[in-house]
Amino acid sequence: MSAVDKAKNKAEELAGKAKEKVGQATGDKDTEAEGHKDQAKGNLKQAGEKVKDAFKH
């Protein structure tokens, strides 16, 4: 996994966490759900990269 991809995926995950917290703080369920979705997407991308790495070795 390239360091750039790993950093992008982590940034997406962290942005999702922040968005979720903003949604919780403001009572905006849509923003909260969108943040949770962004976190999940970042985690899935990370998992996919790890699988690719496993097959390269």
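Mentor: Helices (H or I, at least four residues) and strands (E, at least two) are DSSP runs, numbered from the N terminus. This is a predicted model, in which local features need pLDDT of at least 70 and side-chain atom pairs count only at pLDDT 80 or more, while totals for chains, interfaces and linings use all residues. Residues are numbered from 1 along each chain as its sequence is written, and side-chain values use heavy atoms, with hydrogens and water left out.

Trainee: How many Å should H1 span, and how far apart are its end C-alpha atoms?

Mentor: The expected span of a helix is 1.5 Å times one less than its number of residues. For the 24 residues of H1 this gives 34 Å, and the end C-alpha atoms are 34 Å apart, which agrees. The 28 residues of H2 should span 40 Å, and the end C-alpha atoms of H2 are 41 Å apart, which also agrees.

Trainee: At what angle do H1 and H2 pack?

Mentor: Two packed helices are described by the angle between their axes and the distance between the axes. Axes are lines fitted to C-alpha atoms, for helices over the stretch in contact, and angles run from 0 to 180 degrees between N-to-C directions. H1 and H2 pack at about 160°, with their axes 7 Å apart, which makes H1 roughly antiparallel to H2, a word that applies to angles over 145 degrees.

Trainee: Is glutamate 13 buried or exposed?

Mentor: Glutamate 13, found in helix H1, is buried, with a relative accessible area of 10%; buried means under 20% relative accessible area and exposed over 50%, with partly exposed in between (1.4 Å probe, protein chains only). Leaving aside neighbours within four places in sequence, glutamate 13 is in contact (heavy atoms within 4.5 Å) with Gln39 and Asn43.

Trainee: Which residues does aspartate 38 touch?

Mentor: Aspartate 38, in helix H2, touches Glu12, Gly16 and Lys19, not counting residues up to four places away in sequence. Aspartate 38 is buried, with a relative accessible area of 13%.

Key:
Angles under 35 degrees count as roughly parallel, over 145 as roughly antiparallel, 65 to 115 as roughly perpendicular and the rest as oblique.
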